[in-house]
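Subject: Structure handover

Dear colleague,

Please find the structure below, with the sequence alongside. My notes come after it.

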Amino acid sequence: MRFRVKSAGYNRARDLAKIKPKVGLILRESENTIYSDSCLLQPEERRKPHAWGKRNWFQLGVFLATIGIGLQFIIYVHQAAGNGVVTVLRPPGVEGFLPIGALMGWKLFVQTGIWDPIHPAAMVFLGFAGFISLALRKSFCGWFCPVGTLSEWLWKLGRSLFGKNYKLPIWLDFPLRGLKYLLLGFFVKIIFSMSSPDILGFLQSPYYKISDVKMLHFFTQMTTLAVVVLTVLVLSSLFIRNVWCRYLCPYGALMGLLALCSPTRIQRNPDTCIGCKSCSQACPYYLPVDRKRYIISPECNGCMECTRVCPVENTLELKTTRTGKIRWNTARLGIIIIGIYIGMVYIAGITGHWKSSVTENEFHARLQTINSPEITHPKVRFK
Ligand code: SF4
Ligand code: SF4
């Protein structure tokens, strides 16, 4: 089989001496291109930097499922609020959008062993996101999160429309990246200063029982400020890669901190690396993959774009443990992630940790009074 190495950054005079000993027999050369029959090289079709890969199909599937769950919830709330016949079930999946409550729930669970009965699925989602990010390099952000997917689509759209994305200068980029940790610290400080009875009181408040509808109303009844903020975010995401994820998302900040402890990381073999820089150019987070032996940055989300474009086989890989006993390819990673998700939801379902204890009747009654003073955010007391 004949393979081809092609790199935009390839310079014959500079790089050929470096490449030749590593790729074996070179059959033919032309501008920017080396043809070789060496088994070290990957077929070019696997390396197109802008190609739609397996991970993108995975993201699309999760995104469409999220839209489906959202539509089901909208129909359910509409029917329940109108006192009409309710023909759809209330989908627990919407609770994935209640991360603050989930964090409170996990603190309560660790301290008292009580599993939040109001929005239990929120805790399952946070547990799932944390587990795969810890085990598999912040892969929740790179594979599962629909907001991350939307963010990625926006900068790719911007690149198609304007020919490129813009990178902020380091003096601005670096402090802005700290914003998401500040936001995370703010929420963590509030939650960790609450006592267990206060958390329990919050989780059982009328507000929290219907907080998923409040969250829905945030999108369906947007304030002018929310419209302005979202518009700025969308427009800036066309020009700058992953504005929300890179600078503002506290959920991603938490996943990144967990990923710092991950035994899984991108590993580069400097002995076979030909220094073409394709990996760094493909990395959505501008990580210096071509210069590092291991990528341990909290920004790396296991998207595998760098490994996909690397022209030399077995040079850049996602591996678990430094000795690289477990190697991940894109398909295996996707199967494991969806397998863990289905397994966790299934176990939560059969053990009674998935469905809310709020009855249909109570939910319908709360919907009728959703704008009353009783359904306002409870004031929390700090220790
Ligand atoms: S280093 Fe590789 S896996 Fe990590 S974010 Fe960059 S391209 Fe994705
Ligand atoms: S690791 Fe990066 S620089 Fe080295 S060969 Fe692969 S893509 Fe090129």
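The notes below go from the whole chain to the sheet, a helix pair and the ligands.

This is a predicted model, in which local features need pLDDT of at least 70 and side-chain atom pairs count only at pLDDT 80 or more, while totals for chains, interfaces and linings use all residues. Residues are numbered from 1 along each chain as its sequence is written, and chains are lettered from A and ligands numbered from 1 in the order in which they are written.

Whole chain

The chain has 18 helices and 7 strands; these are DSSP runs numbered from the N terminus, with helices being H or I of at least four residues and strands E of at least two. Of the 383 residues, 34% are buried. A residue counts as buried if 20 or more other C-beta atoms, placed from the backbone, lie within 10 Å of its own, as exposed if 12 or fewer do, and as partly exposed in between. Taking contacts between residues at least 6 apart in sequence, 73% join residues at least 24 apart; a contact here requires C-beta atoms, placed from the backbone, within 7 Å.

The sheet

An open sheet is formed by 4 strands in the order β5-β4-β6-β7, with antiparallel pairing. Two strands pair if DSSP finds at least two bridges between them. At the edges are β5 (294-295) and β7 (326-328), each of which pairs on one side only.

Strand β4 (residues 264-268) is joined to β5 by 2 bridges, and Q267 stands opposite Y294 in β5. Between β4 and β6 (residues 316-320) there are 5 bridges, again antiparallel, and R268 has L316 as its bridge partner in β6. In β4, 5 of 5 residues are buried. Both faces are covered, with T264, I266 and R268 on one side and R265 and Q267 on the other.

In the loop between β4 and α15 (278-282) sits I274. I274 is buried because 25 other C-beta atoms lie within 10 Å. The C-alpha atoms of I274 and T315 are 9.2 Å apart, although 41 residues separate the two along the chain.

A helix pair

Helix α2 (residues 54-81) and helix α17 (residues 330-350) have axes that come within 9 Å and cross at roughly 25°. Axes are lines fitted to C-alpha atoms, for helices over the stretch in contact, and angles run from 0 to 180 degrees between N-to-C directions. The crossing angle therefore makes α2 roughly parallel to α17 (under 35 degrees is roughly parallel, over 145 roughly antiparallel, 65 to 115 roughly perpendicular, and the rest oblique). K54, R55 and F58 of α2 meet T330, A331 and G334 of α17.

The ligands

Ligand 1 is surrounded by 15 residues, the closest being C283, C300, C303, E305 and C306. Near means a C-beta atom, placed from the backbone, within 6 Å of the molecule. For ligand 2 there are likewise 15 surrounding residues, and C273, C276, C279, D290 and C310 are the closest.

Regards

Key
Two residues are in contact if their C-beta atoms, placed from the backbone, lie within 7 Å.
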